Amino acid sequence: MQAKQKIIVIGGGFAGIQLVRQLDENLFDVLLIDKINHHQFQPLFYQVATSQLEPSSISFPFRNVFKDKKNLQIRLSEVLSIHESSNTITTTIGDFPYDYLILAIGCKTNFFGNQEIEKCAFTLKTTYDAITIRNHILQTFENIISADEHIKESLLNLVIVGAGPTGVELAGAFAEIRKNILPKDYPGIDFSKFKIILVEGSKNTLNSMSENAKIASRKYLDEMGVIIMTETIVNHYDGKLLTLKNGDVIKTKTVIWAAGVTGNTILGLPEIYYANSNRLKVNQLNQVIGSKNIFALGDIAFMETEKYPKGHPQLANVAINQAKNLAQNFKQIILNKSTNNFEYNDLGSMATIGRHKAVVDLPFFKFQGYFAWIVWMFLHLMLIVSVRNKLIIFINWAWAYFTKDTSLRLILKQKVKK
């Protein structure tokens with residue numbers, strides 16, 4: 001019997017866990033490496049940040065998800081470098097050999113080289129980021145109660161930079177808790193002075209979606225009292241003052257940066273492997289162009305096809321389907337059968353702005369409003385990994401819908417040891 005091939009998967013996002021699930025246990029021994037011990041459901045980070053869901057509802061420990069996988073080993077580690085010549089990787093816990101290496105390492109926030117903004121602004125790329133924002137927002141309102149008048153303005157200005165799906169969903173969620181929840185918790189604060197400001201460099205909110213979605217999302221945000229500043233570029237932020245390119249200055253202690261992403265990188269791969277934004281150039285087998293046995297999946301993969309000459313959109317469905325195709329191709333390779341090129345069939349995109357407010361772009365049908373909101377909730381529930389968590393999230397959403405409240409506004413901070 002042929003010896004099993006050794007596959008190392010780096011990253012446990014949508015692509016990584018889907019590949020591990022699909023790989024044939026009789027043909028492959030798999031090692032999954034990640035810096036954290038759980039899969040994070042990124043589309044709902046904003047709900048953790050705005051105290052609508054607990055982080056445990058959207059976090060799934062790898063060892064529990066794959067408890068029945070006999071061909072899988074899991075290591076909690078950071079990959080430091082890749083050595084193509086020897087087919088090994090170096091990690092913080094040692095070196096590991098591979099027959100095939102799969103990079104599903106995703107992306108990080110792009111600050112476009114502005115270190116000052118990177119140091120002072122909040123990001124929303126991990127569960128920890130979401131908890132940090134939640135703690136900061138709740139602590140801010142505790143501080144407002146006793147703050148001097150000249151400080152209150154900066155505490156009452158919340159700025160979100162970037163009006164893509166993350167920025168729009170955050171702005172809408174904050175607008176809803178400003179209306180329905182925070183005034184009950186903090187009756188001594190004048191919430192008419194709490195400004196939610198959405199800053200976007202392009203002409204529209206949800207600029208990558210249809211004209212229908214752009215118009216509807218802006219209309220919803222306007223109705224909810226969000227201040228929208230399009231065609232506006234941020235120059236500097238020092239933790240107190242946000243300076244715009246046009247010279248305007250906003251006093252604020254809270255800036256959430258959602259203005260773009262760039263690929264995570266690992267030492268050892270030559271520059272020619274990379275396209276724009278640090279994405280790895282791959283062929284339609286998801287094989288890194290120039291490499292024999294290194295593959296890239298999901299957000300980090302840049303694949304030019306006839307339908308997508310500028311690369312696929314960085315969506316969960318793309319990552320999931322690339323992983324399914326690659327798992328099947330690995331089996332085909334071992335069995336000396338022909339492989340299948342990947343091409344993404346656009347299933348559409350969507351974003352929610354608030355209660356009964358969402359936009360959905362399907363290939364042949366675009367709509368917004370209550371029905372779009374229902375579709376958004378249903379499809380996101382279906383992507384949740386476990387049945388238990390599906391039920392927990394549904395109950396939380398139902399409770400919040402009928403009561404316009406949650407009981408999740410906890411400030412959880414790590415105690416600093418002296």
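Analyst: Two strands are said to pair if DSSP finds at least two bridges between them. In this model, which is a predicted one, strand 7, covering residues 88–91, and strand 8 pair in the antiparallel sense over four bridges. Within that pairing you can look for T88, which stands opposite P97 in strand 8. These strands belong to an open sheet of three strands, whose order is 6-7-8 and whose pairing is antiparallel. Strand 6 (79–83) and strand 8 (94–97) stand at the edges with a single partner strand each, and therefore one side of each has no neighbour in the sheet. Neighbouring strands of this sheet are turned against each other by 20° on average, if direction is ignored.

For another strand residue, turn to V234, which is found in strand 14 (residues 234–237). V234 counts as buried because its relative accessibility is 12%, and buried means under 20%. Leaving aside residues up to four places away in sequence, V234 touches I117, V161, V199, L242, T243, L244 and W257. The C-alpha atoms of V234 and E200 are separated by 8.8 Å, although these residues lie 34 residues apart along the chain.

Together with F364 and F365, L362 makes a nonpolar surface patch of about 370 Å².

Terms used:
Residues are numbered from 1 along each chain as its sequence is written. This is a predicted model: local features need pLDDT of at least 70, side-chain atom pairs count only at pLDDT 80 or more; totals for chains, interfaces and linings use all residues. Side-chain values use heavy atoms; hydrogens and water are left out. Helices (H or I, at least four residues) and strands (E, at least two) are DSSP runs, numbered from the N terminus. Axes are lines fitted to C-alpha atoms, for helices over the stretch in contact, and angles run from 0 to 180 degrees between N-to-C directions. Buried means under 20% relative accessible area, exposed over 50%, partly exposed in between (1.4 Å probe, protein chains only). Contact means heavy atoms within 4.5 Å. Patches are made of residues with over 30% relative accessible area and no salt bridge: like charges are joined within 9 Å, nonpolar side chains (Val, Leu, Ile, Met, Phe, Trp, Tyr) within 5 Å. Accessible areas come from the Shrake-Rupley method with a 1.4 Å probe; for residues, only the protein chains shown count as cover. A salt bridge is a side-chain nitrogen of Lys or Arg within 4 Å of a carboxyl oxygen of Asp or Glu.
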